[in-house]
Amino acid sequence: MTEHSFRVTRTTLSDGRELLYFDDSPEYVSGERTRELHDSRDLPQSRTNSEVRIDPLTGEPVVFAAHRMDRTFLPPAHENPLAPTRSEDNPTEIPADDYDVVVFENRFPSFSLTSDHGPDFDHHVDGEELFERSPAVARCEVVCFTSDPDSSFSALSPQRARTVIEAWAHRTAELSQLKDIRLVYPFENRGEEIGVTLGHPHGQIYSYPYLPTRARAIVNRAKAHKEATGRDLFDDVLAAERRSGNRIVHEGKFFTAFVPAAAKWPVEIMIMPHRAVRDFTELTDAEKDELAVMYLDVLQRMDRFFDGVDKTPYLASWNQAPVGEDRDYGRLHLQLFSTMRSPHRMKFLASSESGAGAWTSDTTPERIAQRFREIA
């Protein structure tokens, strides 16, 4: 078991948002050197007015965050807000002139703790009881994986990937303590093809005041499985995949990477722990070590999946157990997928998928797994 040394340093940006440095470089871990904490910008205080409305036909929550319409979109390199601040004339979101890993509150969040909704907020649209609404009170954070704007997560060292995992665990622990939070969800979107607005290697962490659709579906299935069989759904899924072996891509001591039997995306792979780990906070040091290496391996295979494509666009979705109620019906697992169906051609979610929610796959999970194994 390996203990990973890192140091967390907090500061507050000029508009009141929090920023945390996660440093694993020895001179910063020891305190010999420190990061710049002062934000020289003069930003107005961060306020939002996001809200959640409930679709009366499906019961599904929908977030409305109109202020995000004006968020930064693919700026030129010299205006990259996620780069370190290396010129007084061009300050960024990160005051330091270099960093290992940084986490800060999103400047254009879907959810915020600094809501402009007052005590007279009407919890029904137009006064109609059927149309429920509530302030979108939670916290959204940005995670910068590296100070190098031209790099990617897959190019990180195992040590740096481990520091990112520590950051995810640290933020999961703190965000889970916020009032009325039901889920903490780290994720990464990569590639302009899927709508990324900043090219710098980064991910995000959303905390939700409700269970999103997939998390709620997983809880319902896990409950039903437990009631019907007395067994854990995740244990049974993993055992079935390992017995079959047809879709296993990488099997370790603590985790298995596999293509799910019902994978619906053109490229999809899952990493699941062998034991019932509910979120990043419950991982041991040895599990974090193995996860860092396995995740890097899977990301590197993702980038080799298509001939002629150097960086496959992808979505990395870190599913965790709910906070509070139903916590025993979730398990930490990665769902990594791409909407690219062939080199430089994307799968579009047309009427059947988007309108009816009825999915059709253009390949098979077995073919996906075979390709992942071929490019090891």
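1. In which strand does His 202 lie? This residue belongs to strand β9, which runs over residues 202–208, strands being DSSP runs of E with at least two residues and helices runs of H or I with at least four, numbered from the N terminus. The model is predicted, so that local features need pLDDT of at least 70 and side-chain atom pairs count only at pLDDT 80 or more, while totals for chains, interfaces and linings use all residues. Residues are numbered from 1 along each chain as its sequence is written, and side-chain values use heavy atoms, with hydrogens and water left out.

2. The unreviewed UniProt entry carries the annotation "active site" for His 202; such annotations may be inferred rather than shown by experiment.

3. His 202 is buried, with a relative accessible area of 11% (buried means under 20%, exposed over 50%, partly exposed in between, with a 1.4 Å probe and protein chains only). Leaving aside neighbours within four places in sequence, the residues in contact with His 202 (heavy atoms within 4.5 Å) include Leu 82, Phe 145 and Glu 188.

4. Turning to helix α3, residues 213–229, the end C-alpha atoms are 24 Å apart, which agrees with the 24 Å that its 17 residues should span at 1.5 Å a residue, the expected span being 1.5 Å times one less than the number of residues.

5. Within α3, Ala 215, Ile 218, Val 219, Ala 222 and His 225 are buried. They cover an arc of only 135° around the axis, and therefore sit on the same side of α3, the arc being that of the directions from the helix axis to the C-beta atoms. On the other side, Arg 221, Glu 227 and Ala 228 are exposed.
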